[in-house]
Amino acid sequence: MVGRDIGTVVFPDADVKFFVVASIEERARRRLLELREKDVEANVEELERELEERDRSDSTRRVSPLQRAEDAIEVDTSRLTIDQQVELVVKTVERKRAEESEA
């Protein structure tokens, strides 16, 4: 499940939580590619500003603010491909399950 308050509000007791981050520059680049696929013109600098504003707004809202759960594993995807991201998450969950079955 993906969302900005999944690990802290929706599933606070989940066995494994990930807090996925990427640099503003990489997030804007990815968004630009998505928009271009839809034939939508966009400016990467403007996208960066919009993302920064959304992060600021989400982090400071009163209800369900964006924050990393204390027990979440932070994953910086800035330099990872989708396949690498999936592999990292799957291996982490498999390792966690193995540790629990040994206990």
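A salt bridge is counted where a side-chain nitrogen of Lys or Arg lies within 4 Å of a carboxyl oxygen of Asp or Glu. I note at the outset that this model is predicted.

**Entry 1: salt bridges**

I searched the whole structure and found twelve salt bridges. I then looked up three of them.

I located R29 and E26 in helix α2, where they stand three residues apart, about one turn of the helix.

Next I turned to E46 and R49, whose side chains form a salt bridge at 2.9 Å, N to O. About one helical turn separates E46 and R49, because they are three residues apart in helix α3. I found E46 partly exposed at 33% relative accessibility, and R49 is partly exposed with a relative accessible area of 47%.

I also looked up R68 and E74, whose side chains meet in a salt bridge at 4.0 Å, N to O. R68 counts as partly exposed at 40% relative accessibility, and E74 counts as partly exposed at 44%.

**Entry 2: helices α2 and α3**

How do α2 and α3 pack, and at what angle? I read an angle of about 120 degrees between helix α2 (residues 24-37) and helix α3 (residues 44-60), with their axes 9 Å apart. The crossing of α2 past α3 is right-handed. I listed the residues that meet: the α2 side includes I24, A28, R29, L32 and L35, and the α3 side includes V44, L47, L51 and D55.

**Entry 3: the surface and a loop**

Which residues form a nonpolar patch on the surface? I identified M1, V9, V10 and F11, with about 410 Å² of accessible area together. I placed V9 in helix α1 and noted that V9 is partly exposed, with a relative accessible area of 43%.

I finally located D13 in the loop between α1 (6-10) and β1 (18-21). D13 is exposed, because its relative accessible area is 71% and the cut-off for exposed is over 50%. I recorded 15 Å between the C-alpha atoms of D13 and E100, which are 87 residues apart along the chain.

Note on methods
Residues are numbered from 1 along each chain as its sequence is written. This is a predicted model: local features need pLDDT of at least 70, side-chain atom pairs count only at pLDDT 80 or more; totals for chains, interfaces and linings use all residues. Side-chain values use heavy atoms; hydrogens and water are left out. Helices (H or I, at least four residues) and strands (E, at least two) are DSSP runs, numbered from the N terminus. Buried means under 20% relative accessible area, exposed over 50%, partly exposed in between (1.4 Å probe, protein chains only). Patches are made of residues with over 30% relative accessible area and no salt bridge: like charges are joined within 9 Å, nonpolar side chains (Val, Leu, Ile, Met, Phe, Trp, Tyr) within 5 Å. Accessible areas come from the Shrake-Rupley method with a 1.4 Å probe; for residues, only the protein chains shown count as cover. Axes are lines fitted to C-alpha atoms, for helices over the stretch in contact, and angles run from 0 to 180 degrees between N-to-C directions. A crossing is left-handed if the near helix is turned anticlockwise from the far one by less than a right angle, and right-handed if clockwise. Contact means heavy atoms within 4.5 Å.
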